[in-house]
Amino acid sequence: MAKAWTGSRLDLHLDLHPDLHPDLHPDLHRGIGAAGPAKRRAALEAALREAIRDGSLRPGVPLPSSRGLAEQLGLSRGTVTSAYGQLVDEGFLTARPGSGTAVADVRDPKPPAASPHRFAAPRPEHDLRPGSPDLAAFPLRGWTAATRRVLAAARPELFGAGDPQGRYELRAALADYLGRTRGVQTSADRVVITSGYHQSVQLVARVLRSQGATTVAWEDPGHAVFRELVAGTGLKVRPLPVDEGGAVVDALTDESAVFLTPAHQYPTGVPLDPARRRAVVEWARAAGALVVEDDYDGEFRYDRRPVGAMQPVATCEVVYCGSVSKTLGPGLCLGWLALPSRLVEDFVRAKLETEPFGESVGQAVLADFVSSHAYDRHVRASRLRYGRRRERLMEVLEEFPRLTAHGVPAGLHVLVTLPADGPGESEIRAEGEARGLAVRGLAELYQNLDEAGQGLLIGYAGPAERAFPAALEALAGTLRAVGL
């Protein structure tokens, strides 16, 4: 009968040599006699030394009691006690009365040099790049309260494999919220939960490819990272010019879909002209195409009520995309798609190909957070805070009349274009980097490089409230230093 290792409060995995493990290899121990215990103790000591040296057992980690480890490994308590004592004497372990036995710090005092290859670059001192909310203002108290309510009422299924379409309570809560705040006409059965806009774009591309699509259109300039993500699936991406009225939708021809940011075009900051909204819907209906609406910061308009979503006037043609990355934070990895009914099954199937099980706990917490209207309160507070920040940024930019600001008072960034006879964006960004300042350039967002303009995208939401004045000072100092 297999032994249940329940006698110790701490489990410990050790790789003992097979011929020294009596319970697992009893045949090899016939005739060991008096030499058996010594060999077993030596094997235990060697295994512990190796685990400590290779970092499997880290400094300060407590070890099981001698009785507990003896039960786990099928050894005598005396063998374990002797091994512990030997390693304490050698400095590999520490033993204090009342505190038990723990791993000593035997690491090399000179740590190896860090690898130059890192996935995440260090954040600058003054980060005015666009796209991030103020993470220091995350509604921690409300999110914690929602988490407590969810866990207090949790049923076992919450910790099982989640519904690939997303938890029903979140889909229902979002359908209600999006209807109230963005005018979106949908229902829980037409919402698919994703890990954010990145996954949403991947799913759209997969479904389009499965239906035989070959070409889509993308605003130019636009979200370069996501545009390249679509191109990486094999779809041809045609650039769609953008002017003061948003995307020039008259340029659409035989594409299977167009990706738009109609409420607040990224990066120019202009809303899509109402006549163009109607025109792109008529095009989609005539061509049997899709309009993929990225409502990435649609909640944030500061001079009037936010422009509503396109989806309500074309529920059969529009795939509506949203997430919490601009309201709460991208680290939550929660987004959504409001779909035409005919596409729901296709999207769930596409999601199952790469993610057979959905995360559940975070979705349940967001559902509570939205249903309790804590999300509404947070968005309203953020809108007031970001509106004030935008005003302060615009006041700073007034000192530099050669810069031209674009877009309506909305979103989380301002685009400024540069004079033809002045410094280029690379020179300005280099000067900013020397001052610990980061902004984003406009030229890198163009697909058609012949049309690329020179400009800066200045985000005003990311810094913590107390850090924002210093970031503005760094921006102004940079612009003065380059002669603007």
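Where in the chain is the place of Pro267? Pro267 lies in the loop between strand 8 (257–260) and helix 8 (274–287), where helices (H or I, at least four residues) and strands (E, at least two) are DSSP runs, numbered from the N terminus. The structure is a predicted model, in which local features need pLDDT of at least 70 and side-chain atom pairs count only at pLDDT 80 or more, while totals for chains, interfaces and linings use all residues. Residues are numbered from 1 along each chain as its sequence is written, and side-chain values use heavy atoms, with hydrogens and water left out.

**Backbone features in loops**

- Tyr266 and Pro267 are joined by a cis peptide bond, for which omega is about 15 degrees.
- A cis peptide bond also joins Asp220 and Pro221, with omega about 5 degrees, and Pro221 is placed in the loop between strand 5 (215–220) and helix 7 (224–231).
- His373, although not a glycine, has a positive phi of about 70 degrees; His373 sits in the loop between helix 10 (361–371) and helix 11 (374–397), and counts as partly exposed at 39% relative accessibility (buried means under 20% relative accessible area, exposed over 50%, and partly exposed in between, with a 1.4 Å probe and protein chains only).

- Helix 2 (residues 66–73) is mostly covered, since six of its eight residues are buried, namely Ser66, Gly68, Leu69, Ala70, Gln72 and Leu73.
- Gly74, which follows helix 2, has a positive phi near 70 degrees.
- The axes of helix 2 and helix 3 (residues 77–90) come within 8 Å and cross at roughly 120 degrees (axes are lines fitted to C-alpha atoms, for helices over the stretch in contact, and angles run from 0 to 180 degrees between N-to-C directions).
- Helix 2 and helix 3 are therefore oblique to each other (angles under 35 degrees count as roughly parallel, over 145 as roughly antiparallel, 65 to 115 as roughly perpendicular and the rest as oblique).
- The contact between them is made by Ser66, Arg67, Leu69 and Ala70 of helix 2 and by Arg77, Val80, Thr81 and Tyr84 of helix 3, where contact means heavy atoms within 4.5 Å.

**Helix 6 and helix 9**

- Helix 6 (residues 197–210) packs against helix 9 (residues 344–354) at an angle of about 110 degrees, with the axes 9 Å apart, which makes helix 6 roughly perpendicular to helix 9.
- On the helix 6 side, Gln199, Leu203, Val204, Arg206 and Val207 take part, and they meet Asp346, Phe347, Ala350, Lys351, Glu353 and Thr354 in helix 9.

**Cysteines**

- The structure holds zero disulfides (a disulfide being a pair of cysteine sulfur atoms within 2.5 Å).
- The sulfur of Cys316 is 17 Å from the closest cysteine sulfur, in Cys321, which is too far for a bond, and Cys316 is partly exposed at 47% relative accessibility.
- For Cys333 the closest cysteine sulfur is also in Cys321, at 16 Å, again too far for a bond.
- Cys333 has a phi near 55 degrees, a positive value in a residue other than glycine, and is placed in the loop between strand 10 (318–323) and strand 11 (335–338).

**Gly411**

- Gly411 lies in the loop between strand 12 (404–406) and strand 13 (413–417) and, at 0% relative accessibility, counts as buried.
- Leaving aside neighbours within four places in sequence, Gly411 is in contact with His264, Asp297, Phe300, Tyr302 and Tyr460.
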